[in-house]
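Please keep the sequence and the model in view while reading.

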Amino acid sequence: MALFYILLLFIIIAAIIAVETRNLLSSVICVGAIGFGGSLMFLFLRAPDIAITQIVVEVLGLIILIRATISRDLTFISGDREFFGTVVSVVIIFVIFVAGIRVFDAMPQFGVPVFSHVQDTASEAYISRGLQDTGVTNLVTSVYLDYRAYDTLGEATVLFTAILGAMVILRDKSRKRIEEPDV
Amino acid sequence: MLYALCFLLFMIGLYCAVVKKNMVKIVIGIMVMEYAVNLLLIMLGYRLGGTAPILGGADADGVTKVVAAQFLATVVDPLPQALVLTSIVISLGSLALMISICIRTYAKYGTFDITEIRRLRG
Amino acid sequence: MKGMTVIVKTVSSWVKMLIFLFGIYIILFGHLSPGGGFAGGVILASSYVLLMLAFGRELVERNLPLPLASRLDCLGAFLFALLAILGLIVGGVFFVNFLYQKYLPGSTFHLVSGGTIPLSNIVIVLKVGASLFLVIFMLSRFRYDSKGPAEKLASDPTIGAKE
C-alpha cells in the first residue's frame with residue numbers, strides 16, 4: 001500500500017511541475033513522466049493489459065506533443081497574467097475540491113471491489129462464465145470483444161472520426177493552385 | 001485517501017486547462033485530467049492481494065470450463081479494465097486532433113497565446 | 001524531415017524487425033495473455049515511426065505510401081462493421097460470437113479458440129495502426145510557412161495566367 005502512495009506522490013509532483021514551468025519542452029517531458037508513473041501504477045494494480053497499452057500510447061503521445069513544441073522560438077510565453085481571473089478560478093476549484101472530498105466517504109474502501117459484497121453483479125457473471133461463454137482465457141478481452149463489443153465498435157468509430165478530422169486540418173491546400181477561380 | 005489524491009490530480013489538470021494562456025499548456029491540462037480519470041477507474045476495481053484477471057493453467061479446467069473457486073475469491077474486477085483500455089486509445093486520437101489545431105493556429109497567427117487570437121477572419 | 005546519424009541508422013535497422021515481431025506476438029496471443037489489438041496496433045505504428053525518425057520521411061513514403069495506408073485504415077473500419085453484421089446474419093444477434101457458438105469452438109489455452117475474437121484483434125490492428133501512422137506522418141510533413149491559395153495567387157502572378 002505504501003508503494004501506491006509513493007507512486008501517486010511522484011505523479012502529483014510531476015503534474016505540478018508540468019503545469020507551472022514556463023519552458024514548454026520541460027512540461028512535455030513531465031507529461032511523459034506522468035504517463036510512465038501511471039503505467040507503473042497500473043502494473044501494481046494488477047492490470048497488465050492496461051500497463052502495456054498506457055506505455056506505448058504515452059510514447060506516441062510524447063512524439064506528437066514534441067512535434068508541436070520543438071520549432072523555432074515559441075518555447076517561452078511572455079506577458080503578465082490577469083490577477084483577478086486567476087484568483088477567482090483558484091477559489092472555485094478549491095471549493096469544488098473540498099466539496100468533492102466528502103463524496104469519497106460514501107465510496108467503498110480501497111481494496112474491496114464492488115462485486116465482493118454486492119450480490120449478482122455483472123463482473124461476477126463475467127468471471128465465472130467467461131471461459132464457458134467465449135472460450136478465451138483473457139477475461140478482459142472477453143469483456144471488451146464479446147460481452148461489450150458494441151462499445152468497442154463505438155470506440156473504433158470515434159478514433160476513425162478523430163483521425164479523419166486531424167487529416168482534414170493538416171491537409172496541404174496546394175492542389176487548388178491550377179484550378180480556375182470560382183465565378 | 002488514495003481516491004482523494006487522484007481527485008487532486010484531476011483538479012491540477014482542471015486548473016491548468018482553465019487558467020493558462022498557452023494553447024499547448026491547455027492541451028497538457030486536458031491530458032492530465034484524462035490520466036487521472038483512468039487511474040481512478042482502475043483503482044475502483046482493485047482487490048488487496050489479488051491476481052490479474054487472466055486464467056492460468058491451474059485456475060480453470062480445460063475440458064469442463066469451470067473456474068476454480070480460489071480464483072474467484074482473489075481476482076480483481078475485469079470490467080473497469082476493459083472500459084479504460086478503449087479510453088486510453090481514444091485519448092491518443094483526441095490529442096492528435098488538438099495538436100493539429102494548435103499547429104494550424106500557430107501557422108496562421110504566429111503565436112500560441114489565446115488572448116491574441118481575436119480575428120475570426122484571417 | 002532528414003534522417004539521423006549513421007549509428008542511429010544502423011541500430012534502428014536491426015531493432016525495427018524486433019519491434020515488429022513483438023507487435024505481432026502481442027496481437028496474435030491477445031486472447032491468451034495480456035495485450036490485444038489496441039496495444040499491438042500502437043506498437044506496429046511506432047515501429048514505422050522509428051523508421052521515419054531515423055531514416056527520413058522519403059524512405060517510409062516509398063515503403064508504405066499514403067494512399068495505401070488510408071485504404072488500410074478504411075478497410076479495417078469496414079471489416080469490423082462487417083464482422084458485426086455477419087453476427088446478425090449468421091447468429092441472429094448483432095455482434096454475437098458466431099464462430100465459437102456454432103462452427104469452430106477450438107480448445108482452451110490454444111491459439112484457435114474464442115471464435116471471432118482473434119479475427120477482431122487483427123481487424124482492430126489494421127484500423128489503429130494505419131490511423132496512428134497516418135496522423136504522425138501528416139504532422140511531420142506540415143510546414144509552418146506554407147501559404148494558402150489566396151496568398152500564393154497574389155504573390156505569384158504567373159499562376160493564374162495559365163491556359
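Which residues have the most contacts inside the largest nonpolar core? The model is a predicted one, and its largest nonpolar core has 116 residues. Those with the most contacts inside this core are Ala15(A), Ala18(A), Ile34(A), Val32(B), Ala96(B), Ile99(B) and Val42(C). For one of these, Val42(C), the partners are listed: leaving aside residues up to four places away in sequence, Val42(C) touches Val56(A), Val57(A) and Leu60(A), together with Val128(C) and Leu132(C).

**The contact between chains A and C**

In this pairing, 36 residues of chain A are in contact with 48 residues of chain C. On the chain A side, helix 3 (48-69), helix 5 (122-134), helix 6 (139-147) and helix 7 (149-169) each supply at least two residues. The most comes from helix 3 of chain A, with 11 residues. By residue class, the side of chain A that touches chain C consists of 22 nonpolar, seven polar and seven charged residues.

**Helix 1 of chain C**

Helix 1 of chain C covers residues 6-28. At 1.5 Å a residue, its 23 residues should span 33 Å, and the end C-alpha atoms are 34 Å apart, which agrees.

An α-helix has 3.6 residues a turn, so residues three or four places apart point the same way.

**Chain B**

Chain B contains four helices and zero strands, and its elements run α-α-α-α from the N terminus on. The table collects values for this chain.

| Property of chain B | Value |
|---|---|
| Radius of gyration | 22 Å |
| Box filled by C-alpha atoms, along the principal axes | roughly 70 × 35 × 15 Å |
| Buried share of the 122 residues | 44% |
| Share of contacts with a separation of 6 or more that join residues 24 or more positions apart | 61% |

How does the radius of gyration of chain B stand against that of a compact globule, and what are the two values? A compact globule of 122 residues would have a radius of gyration near 14 Å, whereas chain B has 22 Å.

Conventions. Residues numbered from 1 in each chain as written. Chains lettered and ligands numbered in written order. Predicted model: local features only at pLDDT ≥ 70, side-chain atom pairs only at ≥ 80, totals over all residues. Contact = placed C-beta atoms within 7 Å. Nonpolar A, V, L, I, M, F, W, Y, C, P; charged D, E, K, R; others polar. Core = buried A, V, L, I, M, F, W, Y, C linked by C-beta atoms within 7 Å. Buried ≥ 20, exposed ≤ 12 C-beta atoms within 10 Å, placed from the backbone. Expected span 1.5 Å × (residues − 1). Rg over C-alpha atoms; globule rule 2.2 N^0.38 Å.
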